[in-house]
Amino acid sequence: MASLGAGEPVATIDVRLPEGTTVTGKPAGCDATGTNLYTCRTPILLWEKARSTFDFTLRVDRVVDGGAKGSVATRNDDPELRISAFDPKLANNTAEFTISGS
């Protein structure tokens with residue numbers, strides 16, 4: 001997929017980092033949009049089956065009972081390149097994760 005004409009990212013990802021953590025390092029393609037909320041953008045060109053990763057470095061400030069939960073989700077609201085145009089299964093474009101400790 002590419003958005004060369006518009007120069008926009010192929011996909012935009014919303015990242016919610018777990019309660020009780022602090023970001024100590026973030027990828028260049030990600031911007032803070034709230035407390036522990038980030039918006040990350042892929043490059044403007046991604047080949048089929050390519051991967052784009054966003055590596056955050058976190059500090060665990062406190063342990064949350066039951067584990068601290070975060071999530072990532074692909075947006076489908078870019079008018080230039082809607083994800084649904086090439087991915088008919090949008091339900092699998094969200095993932096949750098848990099950070100736990102003792």
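**Before you start**

This is a predicted model, in which local features need pLDDT of at least 70 and side-chain atom pairs count only at pLDDT 80 or more, while totals for chains, interfaces and linings use all residues. Residues are numbered from 1 along each chain as its sequence is written, and side-chain values use heavy atoms, with hydrogens and water left out.

**Stop 1: the whole chain**

Show the protein as a cartoon. Its secondary structure consists of seven strands and zero helices, in the order β-β-β-β-β-β-β along the sequence. Helices (H or I, at least four residues) and strands (E, at least two) are DSSP runs, numbered from the N terminus.

Of the 102 residues, 31% count as buried. Buried means under 20% relative accessible area, exposed over 50%, and partly exposed in between (1.4 Å probe, protein chains only).

**Stop 2: the disulfide**

Select Cys30 and Cys40. They form a disulfide, with their sulfur atoms 2.0 Å apart; the cut-off for a disulfide is a pair of cysteine sulfur atoms within 2.5 Å. A search of the whole structure finds one disulfide. The pair links distant parts of the chain: Cys30 belongs to strand S3 (residues 30–34) and Cys40 to strand S4, 10 residues apart. The torsion about the S-S bond of Cys30 and Cys40 is about 115°, so the disulfide is right-handed. Is Cys30 buried or exposed? Cys30 is buried, at 0% relative accessible area, and Cys40 is buried, also at 0%.

**Stop 3: a surface patch**

Select Ile44, Leu45 and Trp47. Together they form a nonpolar surface patch with about 330 Å² of accessible area. Leu45 sits in the loop between strand S4 (37–41) and strand S5 (57–60). With a relative accessible area of 35%, Leu45 is partly exposed.

**Stop 4: a loop residue**

Select Asn93, in the loop between strand S6 (68–74) and strand S7 (94–99). Asn93 counts as buried because its relative accessibility is 14%. Which residues does Asn93 contact, leaving aside neighbours within four places in sequence? They are Val72, Ala73, Thr74, Ile83 and Asp87, where contact means heavy atoms within 4.5 Å.

Definitions and conventions. Patch = residues over 30% accessible without salt bridge, like charges linked within 9 Å, V, L, I, M, F, W, Y side chains within 5 Å. Areas by Shrake-Rupley, 256 points an atom, 1.4 Å probe, with all protein chains shown as cover. Salt bridge = Lys/Arg side-chain N within 4 Å of Asp/Glu carboxyl O.
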